[in-house]
Amino acid sequence: MDVAYSEIVYLKDPDMQTLKADYEQFLLSLCAPTVIDISGQQQHRTRVIVTLIHGNEPSGLIACHRFLTSLNGGSRPITNVRFIICSIEAATLRPRFSHRYLPGGEDLNRCFNQNGKAGYVQRAKLIAEAISEVTPEVVVDLHNTSGFSPAFSVSIMKNEMALSITSLFCHALILSQIRLGALMEQDFGCPTITIECGGSQDAQSHEVAYLGISKLAHWDNIQNCHQQNPVGIYLNPLRLQIKNHIPLHYADIDLGEAGVTLIDHIEQHNFGIVYAEQMLGWVDHHGLDNLTLLDANGIEQINAYFHLRGNQLLPKRPIRIFMATRQADIARNDCLFYLVNEDNHFRAC
C-alpha cells in the first residue's frame, strides 16, 4: 500500500454528509491523516484530541465520530477543539482495525523525537506541527490497551493538570520517566497526556473515550476537576521485554517450550496486584537471560524484580502489571507488560 507521508487533510466544522452515517464509512472516506477543527464558544482557546496513532486502536475514532455527529444542531464546545486522526492506512487495511501499523512500517508513536524528513518521521512531524500551530491548552492522545484492561492514563507531567485531565476519563494515572519517542513526550507548551481507554474490543472502552471527550469539550476550567473524581497514582513504571529472537508462547501449563512462556490468562492481571512468588510463566535453560527490565536510566533491573523457582517466573515483591497482552507480535516488538512496584502506588487527595 502506498503511503503519502507528506500529506495531511484539514476539515472545518464538517457537516453530516462529510461525517457519513457511521465511523467506518467516515474512516473509509479519508485518504490521509486528517485534522478536524470544531469551532467553540471561546475562539481564542483550543484543545487537541489525537487518535488512531495505532491502526488497531479504534475507541478514539469511534468516540470522536460520535461526538462530532452529536454536535449537529447542538451546543458548541467551550473552546475550539482540534481532532487529529492519524494512521488511516493501517486502520483500513483488512481486517480493519487489526494492524498497529502497516506491514514493514514503523510504530508512529516511536517517531516523534527522531531526526529525518521522510517516512513515518515526516508524518510524526506533520502531526506535531498540526498540534503546535493552534497553541493548545491541552493535548489528549487516545489509545486502546493491547489486551483486556481497565482504562488508565500515562503522563510525564507531575502536576495538578495531569490529575485533572485523567479524572475526566478514568481513575488511574501512571507517571512515567520512560522515553520512547511517543507523542506524549513532546513539548507543546501545555499538558499532554495519553489515555488508554481499555481493550479495543470492549464497548466500555468506546464509552470511556466518548464521555471523556464530552467532558473535556464542555468543561470550562479543568484545572481542579480531579477533586470531584479521585485518581490513583502509580510511579516509575518499567517495561518487561523479551530479548531479540527469543521465542514467546502462552499456555496454561509448562509445555517445555524454548524461550519464554507466559500464563495463558496474563491479561487478567492487568491493574491487579501480583504478589511475591505468584507464577507468571516459565523460561527455558537460559533463565532470566531471556528477559530485560531496564529502568529510566537504562540500568538492568530484572534480578531486582524477578527470580526463578525451577523454571517458573516469579516476582520477588508485590507488583502491579498493565498492558499485558496475548498478542504475541505486540508483546515481542513492544513489551510483555509494564509493571510498577506496589509500594509506588498511592491515591491523590
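Analyst: Helix α5 (residues 119-132) has 14 residues and reaches 20 Å from its first C-alpha to its last. That is close to the 20 Å expected at 1.5 Å a residue, the expected span being 1.5 Å times one less than the number of residues. Helices (H or I, at least four residues) and strands (E, at least two) are DSSP runs, numbered from the N terminus.

User: Before we go on, what kind of model is this?

Analyst: It's a predicted model: local features need pLDDT of at least 70, side-chain atom pairs count only at pLDDT 80 or more, and totals for chains, interfaces and linings use all residues. Residues are numbered from 1 along each chain as its sequence is written, and side-chain values use heavy atoms, with hydrogens and water left out.

User: Ok. How many residues of α5 are buried?

Analyst: 10 of its 14, so to speak mostly covered, where buried means under 20% relative accessible area with a 1.4 Å probe, protein chains only. Among them are Tyr120, Val121, Leu126 and Ile127.

User: And what do the buried residues of α5 pack against?

Analyst: β1 (9-12), β2 (34-38), β3 (42-51), β4 (79-85), α4 (88-92) and β5 (138-145), with contact meaning heavy atoms within 4.5 Å.

User: Switching to sheets. What's the strand order in the one with β11?

Analyst: β11-β12-β14-β17-β16, an open sheet of 5 strands with mixed pairing. Two strands pair if DSSP finds at least two bridges between them. The edge strands are β11 (248-251) and β16 (306-309), each pairing on one side only.

User: How do β16 and β17 pair?

Analyst: In the antiparallel sense, over 4 bridges, with β17 covering residues 312-315. Arg309 stands opposite Gln312 in β17. Their hairpin has 2 residues between the strands, and Gly310 takes a positive phi near 70 degrees there.

User: What about the sheet with β13?

Analyst: That's an open sheet of 5 strands with antiparallel pairing, in the order β13-β18-β19-β10-β15. β13 (273-274) and β15 (291-294) each have a single partner strand, so one side of each lacks a neighbour in the sheet.

User: Which residue stands opposite Ile273?

Analyst: Arg320 in β18. β13 and β18 (residues 319-322) run antiparallel, joined by 2 bridges.

Conventions
Buried means under 20% relative accessible area, exposed over 50%, partly exposed in between (1.4 Å probe, protein chains only).
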